[in-house]
Amino acid sequence: MADRKIGIQITLIKQHLGRLLDKMLTEQGIHEFNGPQGRILYVLWNHDFISIQELAKGTGLANTTLTSMLDRMEQKQLIRRTTDINDRRKYLIALTPKARSLEKKYRTVTDQMTELTYQGFTVNEITQLEEYLERVLDNVRNAEMSQKK
């Protein structure tokens, strides 16, 4: 198993996709946020008014990383923090109208990224690849959770 290269392959894919995404966002005229911030917005476009913990789970980002990114996004008026009416000690993260106005352009870019990523794949190959990647993701999540105990 030592000659397997999944780690470097995933790292390289992530790096190339990140650079492509940033370039495509710029080409679409989206200068308000970068790729990693787009991940945060994507989660919020699907589930607005959520806690930082829920956002961390949805994005895969650590709370500390997320907090500093949210600070910058708040300064750019993309998100706002609001007190949870059920627990005044807790804050929820919500989108601003400015962030909502960027969703359609962002989804256009991510659709293009998906097409580019799966170029030359059959529908069955895409399904199989995504099933395998989900299994890999489950494996690493479980390993991470068992180390936290």
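In this predicted model, the buried residues of α4 pack against the helices α2 and α3 and against the strands β2 (79-84) and β3 (87-95). These buried residues are Leu66, Met69, Leu70 and Met73, and because they cover an arc of only 105 degrees around the axis, they lie on the same side of α4. On the other side of α4, Thr64 and Gln75 are exposed.

The length of α4 can be checked as well: at 1.5 Å a residue its 13 residues should span 18 Å, and this agrees with its end C-alpha atoms, which are 18 Å apart. After α4 comes Gln77, which has a positive phi, near 60 degrees.

Consider next the two helix partners. Helix α2 (residues 35-46) packs with α4 at an angle of about 90 degrees, their axes being 11 Å apart, and since angles of 65 to 115 degrees count as roughly perpendicular, the two helices are described in that way. To this contact α2 contributes Pro36, Gln37, Ile40 and Leu41, while α4 contributes Leu66, Met69, Leu70, Arg72 and Met73; by class, seven of the residues are nonpolar, one is polar and one is charged.

Helix α3 (residues 52-59) meets α4 (residues 63-75) at an angle of about 105 degrees, with 10 Å between the axes, so that α3 and α4 are likewise roughly perpendicular to each other. Here the contact is formed by Ile52, Gln53, Leu55, Ala56 and Thr59 of α3 together with Asn63, Leu66 and Leu70 of α4, a set with five nonpolar, three polar and no charged residues.

How values were computed:
Residues numbered from 1 in each chain as written. Predicted model: local features only at pLDDT ≥ 70, side-chain atom pairs only at ≥ 80, totals over all residues. Heavy atoms only, no water. Axes fitted to C-alpha atoms, helices over the stretch in contact; angles between N-to-C directions. Helix = DSSP H or I, 4+ residues; strand = E, 2+ residues; numbered from the N terminus. Parallel < 35°, antiparallel > 145°, perpendicular 65-115°, else oblique. Contact = heavy atoms within 4.5 Å. Nonpolar A, V, L, I, M, F, W, Y, C, P; charged D, E, K, R; others polar. Expected span 1.5 Å × (residues − 1). Buried < 20%, exposed > 50% of the residue type's maximum accessible area, 1.4 Å probe, protein only. Arc of directions from axis to C-beta.
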